Amino acid sequence: MPRRTALTLRFVQLFVGLFLYGASTALQVRAVVGVSSWTVLTQGLENVVPWSFGVITVVSSGVILLLWIPLRQKPGIGTLLNALAIGPSADLVLWLMPEPSGIVARIGLFAAGLVLLAIATAFYIGAGFGTGARDGLMVGLHQRLGWPIWLARTLVEVTVVIVGWVLGGDVGAGTVIAAFAIGPMVQPLMPHFRRFPWSPERTAAAPGVAAPAVAAPTAAPALEARPTPATPAS
């Protein structure tokens, strides 16, 4: 596959994944049985500032990216598009989707949102443009302070849940389920979304495609710490 075509299809995959991510967040909000950690904070902030859910999502992503500066993290194109695209898609689906009546309908909507969130996460990460601002924050804490990834993630997410709950965010059974279920749901999906003909792993290994010449390094580079793909930014 020509390199330009592959790059175009990767961007399509990225945008589809980001739209589905915002849509899945909206479904969880409409279910009203508890939402994921960062969504709790966003809902809480809705009670403080006169902005929509999507606008708060975009602005909070920008604030988190500012925290990358002292942590010496560098955002990529996927990080920036993540920050800009998820909020508007969430607002659109919130506008289209009415709040269901009845606990069975709410549970079903939450389950659909959780499954869609796992698919969306694997979809956009599989495009190979990087992860979102929130995951980068946790990786930065790991690299700068030496904290294990699990500790950085736990401390950050517990903090945002507490702050969001104090501000009036929706904490419930869904919050706990999302925290423990999303990782195991995303992990087995990741290989499938990295096997498209345009995926970076496939195009890099495609026969007949010459790799660019690279000067031999004088010393082995340090391994880059990356977030596990099973843990999305909400």
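A search of the whole structure finds 6 aromatic pairs, a pair being counted where ring centres of Phe, Tyr or Trp (its six-membered ring) lie within 6.5 Å, with planes under 30 degrees apart taken as stacked, over 60 as edge-to-face and the rest as tilted. One aromatic cluster is formed by Phe123, Phe193, Phe196 and Trp198. The model is predicted, so that local features need pLDDT of at least 70 and side-chain atom pairs count only at pLDDT 80 or more, whereas totals for chains, interfaces and linings use all residues. Residues are numbered from 1 along each chain as its sequence is written, and side-chain values use heavy atoms, with hydrogens and water left out.

Arg10 lies over the face of Phe129 at 4.3 Å from the ring centre, and the charged end of Arg134 sits over the ring of Trp38, 5.1 Å from its centre.

The largest nonpolar core contains 18 residues, of which Leu14, Leu18, Tyr21, Tyr124, Ile182, Val186 and Met190 touch the most other members; such a core is a set of buried Ala, Val, Leu, Ile, Met, Phe, Trp, Tyr and Cys residues joined through side-chain atoms within 4.5 Å. At least two residues of this core are supplied by each of α1 (3-31), α4 (77-96), α5 (103-126) and α8 (173-186), and the largest share, 7 residues, comes from α5. Helices are DSSP runs (H or I, at least four residues) numbered from the N terminus. Another core, of 17 residues, lies apart from the largest one and includes Leu27, Val29, Val33 and Leu114.

Arg153, found in helix α7 (residues 149-166), is buried, with a relative accessible area of 14%, where buried means under 20%, exposed over 50% and partly exposed in between (1.4 Å probe, protein chains only). The side chain of Arg153 makes a polar contact with that of Glu157 at 2.8 Å. Gln143, in helix α6 (residues 133-145), is partly exposed, with a relative accessible area of 38%. The C-alpha atoms of Gln143 and Gln73 are separated by 9.3 Å, although these residues are 70 residues apart along the chain.

The mean pLDDT of the protein chain (the predictor's confidence in each residue, from 0 to 100) is 85, and 87% of its residues reach 70 or more. Over residues 208-234, pLDDT stays under 50, and the model has 36 contacts (heavy atoms within 4.5 Å) beyond four places in sequence for this segment. Where pLDDT is low, the predicted coordinates should not be read in detail.

Notes
Polar contact = N/O pair within 3.5 Å; in protein donor to acceptor, adjacent residues only side chain to side chain. Lys NZ or Arg CZ within 6 Å of the ring centre and 35° of its normal.
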